[in-house]
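Open the model in your viewer and keep the selection panel at hand. The stops below say what to select next and what is there.

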Amino acid sequence: MSDWPLYQITIICLLNAMGVQVLAAFWALRQLPRAGRYWLPWAALSLALVLMVQRRWMPLELALNTGLYDFQQALLALAISLLLLLAIIGLSPLLRLAGRAPANLETSSPRQKA
């Protein structure tokens, strides 16, 4: 089998993509209590990340059960999962600040009178 190393690399990429996706979903769910008034969009994002774990599992299961795999899609899945994890981690401090911000930002800014 000349594709054997590529198959192994694909499986490793898919396993890593799924693991990173689980971390991103966990991190997002962990930040949900800190979301404050932004809890609904953050909950939607968290749920989408949890659902994407299943999406990462499906090609892995297909490759393991049938031997069919797509190396480029595995690399893309890993890159997307890594970027999502970095984005969630990067947004966490901003989310904490937004949760502490006053409900009406207009009251904190000076108004110009015409």
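Select Ala25 and show what lies around it: leaving aside neighbours within four places in sequence, Ala25 is in contact with Leu49 and Val50. This is a predicted model, and every value on the tour is computed from it. Ala25 sits in helix α1. Is Ala25 buried or exposed? Its relative accessible area is 6%, under the 20% limit, so Ala25 counts as buried.

Which residues does Gln21 touch, once neighbours within four places in sequence are left aside? Its contacts are Leu49, Met52, Val53, Arg56, Ser81 and Leu84.

Now widen the selection to two helices, α1 (residues 4–31) and α2 (residues 39–66). Their axes come within 9 Å and cross at roughly 160°. An angle over 145 degrees counts as roughly antiparallel, so that is how α1 runs relative to α2. The crossing of α1 past α2 is left-handed. Colour the residues of this contact by type: 21 are nonpolar, three are polar and one is charged.

For the following stop, select Tyr7, Ile11, Cys13, Leu14, Ala17, Met18, Leu60, Ala63, Ala74, Ala77 and Leu78, and show their side chains. These 11 residues form the largest nonpolar core. Which elements give two or more residues to this core? They are α1, α2 and α3 (71–100). The largest share, six residues, comes from α1.

Within that selection, pick Leu78. Leaving aside neighbours within four places in sequence, Leu78 is in contact with Cys13, Asn16 and Ala17. Cys13 and Ala17 are listed in the largest nonpolar core along with Leu78.

For the last stop, select Val20, Ala24, Leu85 and Ile88. These are among the 10 residues of another core, which lies apart from the largest one.

Methods. Residues numbered from 1 in each chain as written. Predicted model: local features only at pLDDT ≥ 70, side-chain atom pairs only at ≥ 80, totals over all residues. Heavy atoms only, no water. Axes fitted to C-alpha atoms, helices over the stretch in contact; angles between N-to-C directions. Helix = DSSP H or I, 4+ residues; strand = E, 2+ residues; numbered from the N terminus. Parallel < 35°, antiparallel > 145°, perpendicular 65-115°, else oblique. Left-handed = near helix turned anticlockwise from the far one by under 90°. Nonpolar A, V, L, I, M, F, W, Y, C, P; charged D, E, K, R; others polar. Core = buried A, V, L, I, M, F, W, Y, C linked by side-chain atoms within 4.5 Å. Buried < 20%, exposed > 50% of the residue type's maximum accessible area, 1.4 Å probe, protein only. Contact = heavy atoms within 4.5 Å.
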